[in-house]
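The following paragraphs lead the reader through selected features of a protein structure. Please keep the sequence and the coordinates in view while reading.

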Amino acid sequence: MTEVVGEGVRLLAGRYQIGELIGRGGMADVRVGTDARLGRRVAIKLLKPALAMDPAFRTRFRREAQDAAKMAHPTIVRIFDAGEETVTDPKGNEAQIPFIVMEYVDGRLLKDVLAEDGPLDPAEATRIIAQVLTALEYSHRAGVIHRDIKPGNIMIASNGQVKVMDFGIARAISDSSATIAETSKIVGTAQYFSPEQARGESVDARTDLYSTAVVLFELLTGQAPFRGENPVAVAYQHVNQNPAAPSTINPKVSPALDAVVLRGLSKDRTTRFQNATEFRDEVEAAAAGIAPPRKTVPVTDFTATLFGVNPQATASSEAALRQLTVDAESRGTRTQTRPPVAWIWAGIVLVAVVLVAVVFWTINLPKGTDIAQGLSVAVPDVAGESYASAAKELTGLKLIPQRQDQASDTVDVGTVIGTVPGAGTKVGATQIIEVIVSLGPTTIPVPDLAGFNTTKAKSTLTALGLTLGSTTKANSPTVKAGIIIKSNPAVGSNAVKGDAIDIIVSTGKVTVPSVVGDAAGVAGSTLAALHLNVQVVTTTTCSGGKVTDQSLSPGTHTQGSDITLTVCAG
């Protein structure tokens, strides 16, 4: 639990001193801090308590933070530690706060640079994006996709070094959030969505490259390529509308840079840059004034050659026609030692061999592959199976199963709920498939209902997904009539959604025992503990100090009743 260490300073996880607020966002606050153990300055990101309410998010958060912490690169903000801290508000309520301890960067967020300085000079914009792409090149090789590249996740250090942050954390939030139409947590991120994210499809490294192209567009023009009144409108534009060339907004942008940005913003990820290295090389070339090379289909592309879309093949055909129409004198100057006809026949034979090979290869493709989508595999429907069975089926298709546990009120424990990407989605071989396995119903701690009336107890249980069970009445010396004495199951025990909680309600009466024959002191203590008003009278007809009579007979009586004891005092 968070401790107080001096005036206004809190100690997080028994180690990190929390200082002043240095940043605030829709999902987290960032404070400067000090690692008391290592004596270094750190940045502490405290995520909103609402995120911690989802058990699936907490599971993903821990895993993704661990994966991100393994990355060490000058262009990536290091993650030193992550976890959850129990904090208590002024009312005494406890809450779990997820936190991340990061490398402290002395600088400004790129979104603040844009807000304060406006569009950047193309040279500076390309310098920043080149370093962002260097960070993505490193993370993609490590198998980590960011999913939320935007100016708010890019820092510019005071020495000009670019640093990208929130690797892995964006994935944890993304996988545990609703769609953009159902939540407002990601309104600011919708401007940087890729078309596949907007459509709810699986993402890959090219998704990060699209978002990077959006950031480059904004750096060059001062505005995002797509804007709207709400996230859904922006997402629709990402899917259905083509962006304007940056130079139409900022004349300083060169045609070469226009071409690079527009290719990065391609709706079809197969026509985008295929990796961060390729994107960075073309950005740097455009910054140097070199126009990006025109993309051509290689000569070895059999389909393109067969249908006449290969520019090199077309050029070769025209050259061959010119060769056949030259006069005899020109033919005499050829250095070729064999007649052209031999080359033509050799080409025909080569095409025939390739055609036969392609037909043979197609016939022998494994079941489930798709040539048109680059040997993609349809994710099988494994819902309802055990994890072992699902993993075996996925492995047989050369996919990589990764287990993710999740509570479910409808699916039995240990049974597969579904997969991410979903069944039927076409993915490439060796794609990681998250297999969501049921943990059974979400457990709900039974609340303390003592002191509540029946109406309040019922509303409290309903809010937690529980129901009010049977009501039993019992006597109590202290609890007023109609007030709950205790509940069953006991407070703090685990229940599941829909369980009934039984209650015991006070009658407002007390059970008076017989104390005749008890010593006066013992009898008085017994009755006083029942909150009865005890009066004592003595009689000299007997001795020994014991009770010979009591004014209230043993049984049920009103709370706080008067009772008179007759004690032998002879």
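Is P231 buried or exposed? P231 has a relative accessible area of 14% and is therefore buried, a class that covers values under 20%, with exposed meaning over 50% and partly exposed in between (1.4 Å probe, protein chains only). The structure is a predicted model, in which local features need pLDDT of at least 70 and side-chain atom pairs count only at pLDDT 80 or more, while totals for chains, interfaces and linings use all residues. Residues are numbered from 1 along each chain as its sequence is written, and side-chain values use heavy atoms, with hydrogens and water left out.

P231 belongs to helix 7 (residues 231-240); helices (H or I, at least four residues) and strands (E, at least two) are DSSP runs numbered from the N terminus. Between P231 and A198 the C-alpha to C-alpha distance is 9.6 Å, although 33 residues separate them in sequence.

With a disulfide taken as a pair of cysteine sulfur atoms within 2.5 Å, the count is 1. C542 and C568 are the partners, with an S to S distance of 1.7 Å. The disulfide is left-handed because the torsion about its S-S bond is about -90°. C542 lies in the loop between strand 23 (533-539) and strand 24 (547-550), and C568 in strand 26 (residues 562-568), so the bond ties together parts that are 26 residues apart in sequence. C542 counts as partly exposed because its relative accessibility is 22%, whereas C568, at 7%, is buried.

Aromatic rings come next. Rings of Phe, Tyr and Trp (its six-membered ring) pair if their centres lie within 6.5 Å, and planes under 30 degrees apart count as stacked, over 60 as edge-to-face and the rest as tilted. A search of the whole structure gives 1 aromatic pair. This pair is F273 with F279, stacked at 4.4 Å centre to centre with 10° between the planes. Both phenylalanines, F273 and F279, are buried.

Charges also sit over rings, a contact that requires NZ of Lys or CZ of Arg within 6 Å of the ring centre and within 35 degrees of the ring normal. The charged end of R41 is placed over the ring of Y104, 4.4 Å from its centre. R403 lies over the face of Y387, with 5.3 Å to the ring centre.
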